[in-house]
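Open the model in your viewer and keep the sequence panel beside it.

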Amino acid sequence: MSWAAMASKGATPASQMEKVELPKEAVEAGRKVVLDSGAIIKGGRLEDLGERFWTIAEVLNEVRDSNARMVLETTSADIQVREVDPAAIAFVSKFAKLTGDFAKLSAVDIKVLALTYQLERQFCGTAHLNEKPRPTMSHSTAVATNASVPEEPAENEAAEEEAGGEGGGCC
């Protein structure tokens with residue numbers, strides 16, 4: 001399907017999407033990718049990134065370069081264009097404000113992040129996600145407040161502890 005056809009096809013409204021319960025094997029078997037224009041403009045084979053692809057109409061509208069359009073026209077990846085649920089946009093916007101990132105993100109960036117959150121919620125739920133940013137404590141803050149800096153567990157151990165088991169989230 002050409003990039004123009006994808007863009008004109010229209011997005012699936014968030015209200016028409018239902019939570020899809022996938023068997024664990026299906027979730028593990030296929031890597032899911034939410035595309036931003038950068039991945040398309042970079043020009044690699046999208047198929048190498050994953051098995052299932054989603055984006056928003058605004059991302060396709062950002063792809064103006066003839067080489068990047070050629071990537072879309074020649075890919076065998078089935079890219080689904082989705083609308084983003086306003087609740088997902090609100091969640092991501094609030095989270096980005098709390099982390100201080102909101103001012104650095106474009107409206108398209110927020111929508112791509114919101115689509116990612118929306119799909120994670122749809123396929124895996126949100127129990128394994130933080131509802132707000134975790135507080136951070138740098139070494140200099142600990143020294144200034146005379147607090148001790150706890151040793152960080154290995155990255156995989158920390159992720160398993162937070163997820164309440166092995167492997168973290170499902171996607």
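The tour below visits a sheet, a helix and some charged pairs.

**Before you start**

This is a predicted model, in which local features need pLDDT of at least 70 and side-chain atom pairs count only at pLDDT 80 or more, while totals for chains, interfaces and linings use all residues. Residues are numbered from 1 along each chain as its sequence is written, and side-chain values use heavy atoms, leaving out hydrogens and water.

Helices (H or I, at least four residues) and strands (E, at least two) are DSSP runs, numbered from the N terminus.

**Stop 1**

Select 32-34, which is β1. Together they make an open sheet of 3 strands in the order β1-β2-β3, with parallel pairing. Two strands pair if DSSP finds at least two bridges between them. The edge strands, β1 and β3, each pair on one side only. From one strand to the next, the twist averages 25°; the angles run from 0 to 180 degrees between N-to-C directions, with axes as lines fitted to C-alpha atoms.

Click V33: its bridge partner in β2 is F53.

**Stop 1: helix α6**

Now select 86-99. How far apart are the end C-alpha atoms of helix α6? They are 20 Å apart, which agrees with the 20 Å that its 14 residues should span at 1.5 Å a residue. The expected span is 1.5 Å times one less than the number of residues.

Color A88, V92, S93 and A96: these residues of α6 are buried. They cover an arc of only 130° around the axis, which puts them on the same side of α6. That arc is taken from the directions from the helix axis to the C-beta atoms. An α-helix has 3.6 residues a turn, so residues three or four places apart point the same way.

Buried means under 20% relative accessible area, exposed over 50%, and partly exposed in between (1.4 Å probe, protein chains only).

Next, show α7, residues 107-124: the buried residues of α6 pack against it, contact meaning heavy atoms within 4.5 Å.

**Stop 2: the salt bridges**

How many salt bridges does a search of the whole structure find? It finds 3. A salt bridge here is a side-chain nitrogen of Lys or Arg within 4 Å of a carboxyl oxygen of Asp or Glu.

- Select E58 and K111. Their closest N and O atoms are 2.5 Å apart. The pair links distant parts of the chain: E58 is in helix α4 (residues 57-62) and K111 in helix α7, 53 residues apart. E58 is partly exposed at 28%, and K111 is partly exposed at 23%.
- Select R121 and D85. Their closest N and O atoms are 3.0 Å apart. R121 is partly exposed, with a relative accessible area of 27%.
- Select D48 and R45. Their side chains meet at 3.7 Å, N to O. Both residues are exposed.

**Last stop: D48**

Stay on D48, in the loop between α3 (37-42) and β2. Its relative accessibility is 56%, which counts as exposed. D48 and A77 are 29 residues apart in sequence and 9.5 Å apart in space, C-alpha to C-alpha.
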